[in-house]
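Biologist: Could you take me through this one and tell me where the labels come from?

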Amino acid sequence: MPASKRLEVDVDGHRLSLSNLDKVLYPQDGFTKGQVIDYYTRIAPSVLPHLRDRPLTLKRYPNGVEAPYFYEKNCPRHRPDWIRTETAGSNDFCVCDDLPTLVWLANLADLELHPSLAKAADYSSPTVVAFDLDPGPPATIVECAEVAVRLRTALRAIGLECFPKTSGSKGMQVYAPLNTPASYDQTKPFARAVAQALERAEPALVVSEMKRTLRAGKVLVDWSQNDEHKTTVGVYSLRARERPTVSTPITWEEIEHARASRDPEDLVFTAADVLRRVAGHGDLFAPVAGLEQVLPAF
C-alpha cells in the first residue's frame, strides 16, 4: 500500500490507525514496518509474559535502522487513553500488557523493547539477576558461549538455575530468575562478585571492568545492568542491526554446539527464525517469568 495511506484495524476491541506499512526499516533486508508489526503480532503470546507489568523504555527508529533513533522513558503524550502507564522513579512509563499496546508500539517504530528488570508495582525489586556478556573483538558470541557455560556452572554450585538468550547483536545475556523478594542492593553486588570470580578463574577470557582497553579478545561480564536506572534489551525484541535479528532464547545444547562449531552464525536468529522456533519449541524463556529462586547470601 502507498506510504501515505493508513490502515484502520481493530485489535482486541481497540481501534488502531497503522501508517506507512510499506516503509522499509531494514534497508539491507527490505524489511518493512508492516513486517515489524506482523512479527510482534505473531510473537505476542511469547513476549507479553516478559513485558507484563514492567516499565518499558522505548527505542524508536522512525526512519529505519540506518537513520537516527531516540529513547523514550516517558510514554508518548499522544498515546491512546487505553494505554497503561505507571510512574516509576521520575518517569511515566508505558507498560505493555496486551496485544493492542504491542501493535501500537510497533506502529511507532519502537523496534527495540527494553523492559525493566523489576515490575512497576515494586520498581526497586528486580525479579532476575542479569549477566550481559559483551565480546571485545576479535572475540565473538562463541567466546560468550564459553563464558555462559562457566557462569552456569558457578550459579548451579550455589543453587541457582539460569537461562541464556542471544542479545540479537554481538553478545549474549544469561538471566537467573528470582521472582522472590530482592533488591538491587543485593543483586548488583552479587552479580559483580560472580563476574569477578569468573575473571579470576579465566583471566584470559573474562573481564569484569568496563574499560575498553581491557576488553580486546575477552568477554565483559557486565554486572552493572542490575540497576534500577538501566535496562537490557528484552527477550524476543528485534534489534536495530543490518538484518532484523532478535534477542532469542537458546538452549544449553545450542551453546555447546556453537562452542564446537566456532561459528557465530549458529547463534544468530532473524524474526522469521524465531517465529519458527517458537512454533516448534514454545517459549524457552518461560521459566524466567515464573521460576522462584532465592538469592543466596554471599
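What follows is a chat about the terms used for this model.

Modeller: Before we start, this is a predicted model, where local features need pLDDT of at least 70, side-chain atom pairs count only at pLDDT 80 or more, and totals for chains, interfaces and linings use all residues. Residues are numbered from 1 along each chain as its sequence is written, and side-chain values use heavy atoms, with hydrogens and water left out.

Biologist: Fine. Why is H3 called oblique to H4?

Modeller: Helix H3 (residues 141-157) and helix H4 (residues 184-201) pack at an angle of about 120 degrees, with their axes 11 Å apart. Angles under 35 degrees count as roughly parallel, over 145 as roughly antiparallel, 65 to 115 as roughly perpendicular and the rest as oblique. That makes H3 oblique to H4. The axes are lines fitted to C-alpha atoms, for helices over the stretch in contact, and angles run from 0 to 180 degrees between N-to-C directions. Helices (H or I, at least four residues) and strands (E, at least two) are DSSP runs, numbered from the N terminus.

Biologist: Which residues of H3 and H4 meet?

Modeller: From H3 come Arg-150, Leu-151 and Leu-155, and from H4 come Phe-190, Val-194 and Leu-198. Contact here means heavy atoms within 4.5 Å. That contact has 5 nonpolar, no polar and 1 charged residues. For these classes, Ala, Val, Leu, Ile, Met, Phe, Trp, Tyr, Cys and Pro count as nonpolar, Asp, Glu, Lys and Arg as charged, and the others, Gly among them, as polar.

Biologist: What makes H1 oblique to H2?

Modeller: The axes of H1 and helix H2 (residues 99-107) come within 9 Å and cross at roughly 140 degrees. That angle therefore makes H1 oblique to H2. By class, their contact has 11 nonpolar, 2 polar and 1 charged residues.

Biologist: Is the crossing of H1 over H2 left-handed or right-handed?

Modeller: H1 passes H2 in a right-handed crossing. A crossing is left-handed if the near helix is turned anticlockwise from the far one by less than a right angle, and right-handed if clockwise. H1 passes H6 in a left-handed crossing. For that pair, helix H1 (residues 33-51) and helix H6 (residues 271-281) pack at an angle of about 35 degrees, with their axes 10 Å apart.

Biologist: How do you know that Asp-12 is exposed?

Modeller: Asp-12 has 60% relative accessibility, so it counts as exposed. Buried means under 20% relative accessible area, exposed over 50%, partly exposed in between (1.4 Å probe, protein chains only). Asp-12 sits in the loop between strand S1 (6-11) and strand S2 (14-19), and its phi is near 50 degrees, a positive value in a residue other than glycine.

Biologist: And why is Asp-53 called partly exposed?

Modeller: Because Asp-53 comes out at 28% relative accessibility, it counts as partly exposed. Asp-53 also has a positive phi, about 75 degrees, although it is not a glycine. The loop between H1 and strand S5 (55-60) holds Asp-53.

Biologist: What makes S11 and S13 edge strands?

Modeller: The open sheet of 5 strands has the order S11-S12-S10-S14-S13, with mixed pairing. Strand S11 (163-166) and strand S13 (206-207) each pair on one side only. Two strands pair if DSSP finds at least two bridges between them. S10 and strand S14 (residues 219-222) run antiparallel and are joined by 4 bridges.
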